[in-house]
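Have a look at the structure first, and then read on.

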Amino acid sequence: MAAPKKGRSAGAQSKPGRALALILIAIVALTGGMFASGHTTPRLGIDLAGGTSITLEARSGQESAINKANMDTAVEIMNRRVNGLGVSEAEVQTQGRENIIVNIPKGTNSEEARDQVGTTAKLYFRPVLQSQAGSGATATPSATPSGSASPSPTSSASASDSGDKDKATSSGSPSPSTSATSQGRAVTDALKADPTPSTSGSESPKVTDSASPSASASADADTQALQQKFVALDCADEKQRAAAGKGKSTEPVVACGQESDKRWTKFVLGPVGVDGTDVTKAQAILDQRTAQWKVVMDFNSGGGDKFAKITGQLAGQSSPMNEFAIVLDDAVVSHPYVTSAVTGGKAEISGSFTQEEAENLSNMLSYGALPLTFREASVTTVSPALGDEQLEAGLIAGAIGLALVVIYLLAYYRGLSLIAIASLLVSAALTYLIMSLLGPAIGFALNLPAVCGAIVAIGITADSFIVYFERVRDEIREGRTLRPAVERAWPRARRTILVSDFVSFLAAAVLFIVTVGKVQGFAFTLGLTTLLDVVVVFLFTKPLLTLLARTKFFGSGHSWSGLDPKRLGARPPLRRTRRPAAPADPKEA
Amino acid sequence: MSKLGDLGARLHRGEVGYDFVGNRKIWYGVSILITIIAIVGLAVRGLNMGIEFQGGAVFTTPKTSVSVSQAEEYAREASGHQAVVQKLGNDTLRIQISGVDTGKSDEIKQSLAEELKMDPERINADLVGPSWGDQIANKAWQGLGIFMVLVVIYLAIAFEWRMAVAAFVALVHDITITVGIYALVGFEVTPGTVIGLLTILGYSLYDTVVVFDSLKEQTKDITKQNRWTYSDIANRSINSTLVRSINTTVVALLPVAGLLFIGGGVLGAGMLNDISLSLFVGLAAGAYSSIFIATPLVADLKEREPQLKALKKRVLAKRAQTEHVELAADGPLDDEAEDATPAVVGPRAQSGARSRGRGGKRR
């Protein structure tokens, strides 16, 4: 057992320069990488940079609904929501099994973001009563001229007004029946239906009755107000868009929807026909026959009935009143038209989907089908001023901690402490470089607990040196000269360091995997610095000590070197004095 | 400092030493007492759980001259709930309102800002739903459980099961003491505290592992000699690693102390303070337990093994036989034992002693 270790340490002794060169290269490479990546400081978390951090907790009646796929969909949807606010820097990510963290940097309206993010995703199917495409965009491609833009019991005059106001298509004819129709998403149960919409002229406004009974029941004033809203609505305006689509599920609303060509369409939608939670399953499928993507969905029995009813009412009507809108979070994500009543609890939405579009839609449908809601678990708003202050306090605390450790080491280990201090600095440099690089690489953000972890790690890192130095000093006390002492102490110190660092790392890893929130940042730093500790001790501290043992100052045990045999109470050289020494020992008697 | 160095040398030579293992009953007693106090404290006073565990809001204002009582009133008006206001070191106010909904907090913040005549943007808000604290606590317990299982397995493989058990007991002991102190003193428990507590896990074991490592080495061939019992060698291990343990603990405590004073003294309460306080308490407890509890416990457990029992009998018999009666009392602290063995015991035991533990590696 002793032999191989001896051999190894002898090998290490002969090439200490190699290890030092290696770590130097690593530092240079990391520094180069850091400057190349353009991130020369670690990314700061919300608590240090200022901003709002929202932690959402998934809630569900059934435990199995909280799974990775659902959480990922939720993250995607929330991302759409916050980025819809123009917050491009906001990040949404899952944490743990059932949490989603939304970090909104300073300078954005955190309250609005909270409103958006905290609410449950709502998915509804509403019949389309009126639609108008293309605010501010090019003319509707192949608009099917349909006289009736006014299925709701209002005059077509207002519809043409809206045309003017929205500088939509050449507005003479009120609202053509939408690009949506032409880009056709058809709902059929057999896919056989003719995708061309019926272009019948202005049919009776009475259709509204069947599509939305409550609309007709409501007072004229209400419908008028709605119509005014519709006219006034400009979907190209972000604020107006955000406000649109809100309303009771039993009443008609105005809403916006974005077409696949990025143009906005505005709608008047009837009351909710089917709830998203009635969808049991939705899937994007490539139709083998037509080689087109489509979305198939299954309803539960109640939903199937409701869907059959609504499609039965819509089928055969003129465009756009033969459409129903899929409304997610008050925005129309799709508005397929219906050619015949869809019965049997299954439906297909087909049309010119790209794969991505189809998958997106099916995701949303699936999401709406899940009884997954989110609750604000915690919200932290930090003003930039306080963030700065906390960062400063953390840095000061770290500097003081480091200074205290350095003073202690200097006083206790004298010259030897220089090696420890150099090692601490190397360790700090590596930590800083890696943290800076991890920002862009994996989205690591330095938060306050992480700063704490780094400060605590000073102690852990210094511990390794102490273990090794004490070993060396023990060897010197045994009467060895420095160079053999350094080598002999190493294998045993190495084992102790590895075993105890492993335990530290284990703790950090378990914490990181299991816990949530702020604990994670702390665990991450602790784990990282523990790993770096091993690297530094092996590649820096030990080789450096080996090298310095060759110098006169350390090698001869100068009284300030921390390795002075006399001061350490070493016995005179080993073999010669063992016997004389033994009787001198009081315990030996 | 150099005194400590001298102490190190003397400990190394065995000139001084403390019979940790021999007096273990005292330390077990002390620990049991502390544990009982901790449990009683926990039962009677309970933990002062922070807002993060009950749900509520904590607002931190910028520097202000508004008095605490005034701020309390404002906060009560704004929220309709009782508020706890602290003035922090840097003249900022920390306003805690429990039992408010996260959804309502924005309004409260707005009206607070109005009354305090501040820009609401500059008020920091920390809002916590009631279940979040539960989740953090649950995850922490879960992490604790998993870590303990893994560490016991690891220590059982790297060392042996008795050491794993002893380390486990020491760990539980540390956590109990820390929690007990929190209950007794009434420090507030926050997620920061939990972080600190969980960190102690790894840290408390660090010292224990260092001692065990030395112990394992020194007792490798223990049955081949009949001069020292397992307890003797365990005690020597503690003593010879004592300086190291003191140093590592001091060095670990220094940065934590820096955090504590900066966190507490300058910034007032906050996460830095919470983490460092529990670390400080836990680290101290950890150092204590690795010396006074873990290692003596290993000795106790080990000496139930038949071969070590037999060894103990042999050793004791031999000591009774020889004239050196005092050895039985305090001799075994001697770190130089193995060096001295040949001189004293003579050739008969030499081979055993030389191949034993440190002897094998060092010569």
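## A buried arginine and its partner

B:Arg94 is buried, with a relative accessible area of 11% (buried means under 20%, exposed over 50%, partly exposed in between; 1.4 Å probe, protein chains only). Its side chain meets that of B:Glu188 in a salt bridge (3.5 Å, N to O), the term for a side-chain nitrogen of Lys or Arg within 4 Å of a carboxyl oxygen of Asp or Glu. B:Glu188 lies in strand β6 (residues 188–189) of chain B and B:Arg94 in strand β4 (residues 93–98) of chain B, so the bridge ties together parts 94 residues apart in sequence. Strands (E, at least two residues) and helices (H or I, at least four) are DSSP runs, numbered from the N terminus. B:Glu188 is partly exposed, at 24% relative accessibility.

This is a predicted model: local features need pLDDT of at least 70 and side-chain atom pairs pLDDT 80 or more, while totals for chains, interfaces and linings use all residues. Residues are numbered from 1 along each chain as its sequence is written, chains are lettered from A in the order written, and side-chain values use heavy atoms, leaving out hydrogens and water.

## Across the chains

A:Arg495 and B:Glu217 also form a salt bridge (3.1 Å, N to O). This pair crosses between chains, from helix α17 (residues 482–514) of chain A to helix α8 (residues 191–218) of chain B. B:Glu217 is buried, at 3% relative accessible area. Shared partners join A:Arg492, A:Arg495, B:Asp213 and B:Glu217 into one salt-bridge network.
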